[in-house]
Amino acid sequence: MTRMNEGGATARDEARPSAEHLARYRRSYRLTTDRPERFYWLWEEAMAHALLLEQQAERAYPEQDGLTALQLAEGARAAARLFAFLLAEAPARATEHFETKIMVYEAMAFDEHEIRRTRTSWMVEAAMQQDARELGINLTKVAVEPGRSPSRH
């Protein structure tokens, strides 16, 4: 980074974003504001892949550096968490977006594997609670026994 001297000469600031940076930031902005429900679809796909891969935990994938299905399932779960974060990050301005946050939260909060691995469901819940306040929706928690889904209480 070049600094401006006392004579007032214009300095070149190499820390300023390039056109490539600005294009990346534009894409990121559009990604989070145009269609946040896409993150739900990506989350759902990654979680489905994780669950399927976990069913054949010991299977090796030589074409994937010899990783096992269990290792790849962990990667799929990590990708799903990223999509859950991205879904939660943007404020819900429509009921549909809010409902997808609820579905992700409930799926993650009642998945014992996720609870042991991450705090993502807590973060999605916090975003969901804030959205509810802003949308004027009253959420209430229903007591559920551990290991049971909320639909079977």
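1. Basis. Because the model is predicted, local features are reported only at pLDDT of at least 70 and side-chain atom pairs only at pLDDT 80 or more, while totals for chains, interfaces and linings use all residues. Residues are numbered from 1 along each chain as its sequence is written, and side-chain values use heavy atoms, with hydrogens and water left out.

2. Overall fold. The protein chain has six helices and two strands, taken as DSSP runs numbered from the N terminus (helices H or I, at least four residues; strands E, at least two). In sequence order the pattern reads α-α-β-β-α-α-α-α. Of the contacts with a separation of 6 or more, 49% join residues 24 or more positions apart, a contact being heavy atoms within 4.5 Å.

3. Surface and burial. The protein chain exposes about 10700 Å², of which carbon and sulfur atoms supply 54%; the areas come from the Shrake-Rupley method with a 1.4 Å probe, and for residues only the protein chains shown count as cover. Of its 153 residues, 29% count as buried, where buried means under 20% relative accessible area, exposed over 50%, and partly exposed in between.

4. Nonpolar core. The largest nonpolar core holds 19 residues, and W43, A84, V104 and V124 touch the most other members. Helices α2 (37-54), α3 (69-89), α4 (95-109) and α6 (120-135) each supply at least two residues of this core. Such a core is a set of buried Ala, Val, Leu, Ile, Met, Phe, Trp, Tyr and Cys residues joined through side-chain atoms within 4.5 Å. Leaving aside residues up to four places away in sequence, A84 touches W43, V104, M108, T120 and V124. In soluble globular proteins, nonpolar side chains tend to be buried together.

5. H97, in helix α4, is buried because its relative accessible area is 6%; with residues up to four places away in sequence not counted, H97 touches P36, L87, A90, P91 and A92. H49, in helix α2, counts as partly exposed because its relative accessibility is 41%. The C-alpha atoms of H49 and A80 are separated by 9.6 Å, with the two residues 31 apart along the chain.

6. A backbone point to check. D65 is not a glycine, yet has a positive phi of about 60 degrees. Most residues other than glycine have a negative phi. D65 is placed in the loop between β1 (60-61) and β2 (67-68), and D65 counts as exposed because its relative accessibility is 78%.

Methods:
Buried < 20%, exposed > 50% of the residue type's maximum accessible area, 1.4 Å probe, protein only.
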